[in-house]
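User: I would like a close look at a single part of this model. Please keep the answer connected and plain.

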Amino acid sequence: NLYAGEVEKPQDGSDTPWQRTAGWTAMGSALVFGTAGTVMLLAAHERHDNAAALIAYRDPLTGKPVRFDGEDRETYEGLIDQGEMLSLGAVVAFSAAALSVGAATAFFLLSPDSAESPAQEGATARTSIAPVLGAGGVGAQVSWELSW
């Protein structure tokens, strides 16, 4: 009975409660989603930079802007469309990363503290996860502290 403070051993013979395994899996997922979001965001910025360079291009002989039609226009619109799609993908990936961090937090908080922990006598380990809100956006800060 978990409500009485008793910790049930996992059925598979391991000493790790399923909540901790799920928490670490969620943290790994958050890392994957965050990396994918970063790559997509960098690719989106590159597409927008290429589109801006296409607009800013000047004829080397006259120094005047080139006529912007036909193939240049299609290239520009394609770059903008790709940039917007990659930006949306980055938002989705970062949202999934945030949800994974939230799930990991919940799993770690719900994990029962095992009285049969192999930790040394007097040793303490503490994990803290805190939301961060700043001028540039929102996020999460994870910190670990181990003392013995």
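This is a predicted model: local features need pLDDT of at least 70, side-chain atom pairs count only at pLDDT 80 or more; totals for chains, interfaces and linings use all residues.

Analyst: In it, E77 is partly exposed, its relative accessible area being 40%. That value falls between the 20% under which a residue counts as buried and the 50% over which it counts as exposed. R73 is likewise partly exposed, at 41%.

E77 and R73 form a salt bridge, in which the closest N and O atoms are 3.8 Å apart; the cut-off for such a pair is 4 Å. Side chains of opposite charge can pair when their charged atoms come close. A search of the whole structure finds one salt bridge. Both E77 and R73 belong to helix α2, where they are four residues apart, about one turn of the helix. An α-helix has 3.6 residues a turn, so residues three or four places apart point the same way.

Helix α2 covers residues 71-110, and its axis comes within 7 Å of the axis of helix α1, residues 18-56, with a crossing angle of roughly 160°. Because of that angle, α1 is roughly antiparallel to α2. The crossing of the two helices is left-handed. In the contact of α1 with α2, the residues divide into 30 nonpolar, 14 polar and four charged.

As for the partner helix, α1 has 39 residues and reaches 57 Å from its first C-alpha to its last, close to the 57 Å expected at 1.5 Å a residue. The buried residues of α1 include Q19, A22, G23, A26, M27 and A30. Further along α1, G34, G37, A43, A44 and A51 are also buried.

How values were computed. Residues are numbered from 1 along each chain as its sequence is written. Side-chain values use heavy atoms; hydrogens and water are left out. Axes are lines fitted to C-alpha atoms, for helices over the stretch in contact, and angles run from 0 to 180 degrees between N-to-C directions. Angles under 35 degrees count as roughly parallel, over 145 as roughly antiparallel, 65 to 115 as roughly perpendicular and the rest as oblique. A crossing is left-handed if the near helix is turned anticlockwise from the far one by less than a right angle, and right-handed if clockwise. Ala, Val, Leu, Ile, Met, Phe, Trp, Tyr, Cys and Pro count as nonpolar, Asp, Glu, Lys and Arg as charged, and the others, Gly among them, as polar. The expected span of a helix is 1.5 Å times one less than its number of residues. Buried means under 20% relative accessible area, exposed over 50%, partly exposed in between (1.4 Å probe, protein chains only). A salt bridge is a side-chain nitrogen of Lys or Arg within 4 Å of a carboxyl oxygen of Asp or Glu.
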